[in-house]
Amino acid sequence: MTDLVTGADGLPRCAWGASTPDYALYHDEEWGRPLRGDDALYERLTLEAFQSGLSWLTILRKRPSFRLAFDEFRIEKVADYGEADVARLLADAGIVRNRAKVEAAIANARAALALPDGLSALLWSYAPPPRAARPRSFGEVPALTPESTAMAKALKKSGFRFVGPTTAYALMQATGMVDDHLAGCHVVRDRPGA
């Protein structure tokens, strides 16, 4: 498989984005588009943590269930979860049932609530300057960067869990802090920070 493919719709896109209809929609409509807002970024951070060790497609397909189970990822609501909520989440077959990840999601909501300037401001403060050009192949796309390493360190210092440099970089890709759509991909997006 090449890194850039032309789909049945005639549009060139990153190969992973053409592999399933779910990925095509996510690739075309969400991935790499600048996203702001504490709750919206908390959702993405939580889902990236749940993805660790799994396929993103698994998480993407379970996202509606995750949203329902986690009160639409409203930070204030999740921060108030207790042991009964942990038990409820671990019994929910619609999500990934992993105690460490469930407990991390709750701890991360509490940590996000405690940030003086909010989660969005903290995360976007680590966005690198835009590249001069998009990568030509996935071989040019890093798994982590100095910025994602610094972001992960700052999050851990603030009490966040399941937020290593690779997860932080995946979050940066998903939320438009970096543009890792390949050169020639049909997706046009606003500049980071827009």
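Trainee: Which residues are linked in a network of salt bridges?
Mentor: D9, R13 and D28 form such a network. A salt bridge here is a side-chain nitrogen of Lys or Arg within 4 Å of a carboxyl oxygen of Asp or Glu. The model is predicted, so local features need pLDDT of at least 70 and side-chain atom pairs count only at pLDDT 80 or more, while totals for chains, interfaces and linings use all residues. Residues are numbered from 1 along each chain as its sequence is written, and side-chain values use heavy atoms, leaving out hydrogens and water.
Trainee: How many salt bridges does this rule give?
Mentor: The count is 11 salt bridges.
Trainee: What does R61 pair with?
Mentor: R61 pairs with D22, and their closest N and O atoms are 2.5 Å apart. Helices are DSSP runs of H or I with at least four residues, numbered from the N terminus.
Trainee: Is R61 buried or exposed?
Mentor: R61 is exposed, at 52% relative accessibility. Exposed means over 50% relative accessible area, buried under 20%, and partly exposed in between (1.4 Å probe, protein chains only). D22 is partly exposed at 33%.
Trainee: Now E43: which residue is its salt-bridge partner?
Mentor: The partner is R67, with 2.7 Å between the closest N and O atoms. E43 is in helix α2 and R67 in helix α3, 24 residues apart. E43 is buried at 9% relative accessible area, whereas R67 is partly exposed at 28%.

How values were computed. Helices (H or I, at least four residues) and strands (E, at least two) are DSSP runs, numbered from the N terminus.
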